[in-house]
Amino acid sequence: MTQKTIVIGSDHAGLELKNKIVVYLKELNYEVKDIGTHTKDSCDYPVIAKELSQLVANGSYPKGILICGTGLGMAITANKTKGIRAVTVSDTTSAKCSRSHNDSNVLCFGERIVGEYLAKDIVKIWLDTEFDGGRHSKRVNMIED
């Protein structure tokens with residue numbers, strides 16, 4: 001996989017925003033793996049979150065994005081997978097700091113919380129921000145331990 005690959009998933013409550021983010025990621029020249037859901041039929045977000053988290057944790061994809069109604073359940077579920085540092089973000093400052101300080105590898109947000117244009121700003125900042133390392137590396141290692 002190249003640096004410009006990403007995996008994305010949503011439940012039914014995040015489907016419309018996920019579809020818009022998929023288009024946006026492709027505009028940014030990302031190769032996107034969309035693991036679903038693909039319909040408005042009710043589905044269980046933990047299934048999607050677990051599948052995506054395993055793909056990131058095993059190295060198939062460097063980062064992932066999960067979208068549901070609020071982003072909260074997705075993050076809780078994703079963080080159950082060793083090696084995942086999932087964050088729920090609804091502002092650009094948190095998106096930047098979650099990468100630069102916490103080396104987050106799964107971004108979560110909610111369609112009911114974040115509008116399309118803010119979501120695009122969050123995604124772009126999150127993807128473009130590098131981990132600062134240094135003193136933050138010690139803390140990330142403490143999380144992993």
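This is a predicted model: local features need pLDDT of at least 70, side-chain atom pairs count only at pLDDT 80 or more; totals for chains, interfaces and linings use all residues.

User: Which residues of α4 are the buried ones?

Analyst: In α4 (residues 92-100), they are A95, S98, R99 and S100.

User: What caps the N-terminal end of α4?

Analyst: D91 does. One of its side-chain oxygens lies 3.2 Å from the backbone nitrogen of T93.

User: Switching to the sheet. What's the strand order?

Analyst: It runs β2-β1-β3-β5-β4. That is an open sheet of 5 strands, with parallel pairing. β2 (31-34) and β4 (86-88) are the edge strands, each pairing on one side only.

User: How much are neighbouring strands turned against each other?

Analyst: On average by 20 degrees, ignoring direction.

User: And which helices pack on the sheet?

Analyst: Helix α2 (residues 45-57) is one of them, touching β1, β3 (64-68) and β5 (106-110). Its direction makes about 165 degrees with that of β1. Helix α5 (residues 116-128) packs on the sheet too, and touches β1, β3, β4 and β5. The direction of α5 makes about 170 degrees with that of β5.

User: Now side chains. How many aromatic pairs?

Analyst: The count is 0.

User: What lies over the face of W126, then?

Analyst: K63 does, at 5.9 Å from the ring centre.

User: Backbone next. Where's the cis peptide bond I spotted?

Analyst: From G36 to T37, with omega near 0 degrees. T37 is in the loop between β2 and α2.

User: Why flag that at all?

Analyst: Because most peptide bonds are trans.

User: Where do N29 and D103 sit?

Analyst: In loops. N29 is between α1 (15-27) and β2, while D103 is between α4 and β5.

User: Is N29 buried or exposed?

Analyst: N29 counts as exposed because its relative accessible area is 60%, and the cut-off for exposed is over 50%.

Technical notes. Residues are numbered from 1 along each chain as its sequence is written. Side-chain values use heavy atoms; hydrogens and water are left out. Two strands pair if DSSP finds at least two bridges between them. Helices (H or I, at least four residues) and strands (E, at least two) are DSSP runs, numbered from the N terminus. Axes are lines fitted to C-alpha atoms, for helices over the stretch in contact, and angles run from 0 to 180 degrees between N-to-C directions. Contact means heavy atoms within 4.5 Å. Buried means under 20% relative accessible area, exposed over 50%, partly exposed in between (1.4 Å probe, protein chains only). A polar contact is a pair of N or O atoms within 3.5 Å; within protein, one must be able to donate a hydrogen and the other to accept it, and residues adjacent in sequence count only if both atoms are side-chain atoms. Rings of Phe, Tyr and Trp (its six-membered ring) pair if their centres lie within 6.5 Å; planes under 30 degrees apart count as stacked, over 60 as edge-to-face and the rest as tilted. A charge sits over a ring if NZ of Lys or CZ of Arg is within 6 Å of the ring centre and within 35 degrees of the ring normal.
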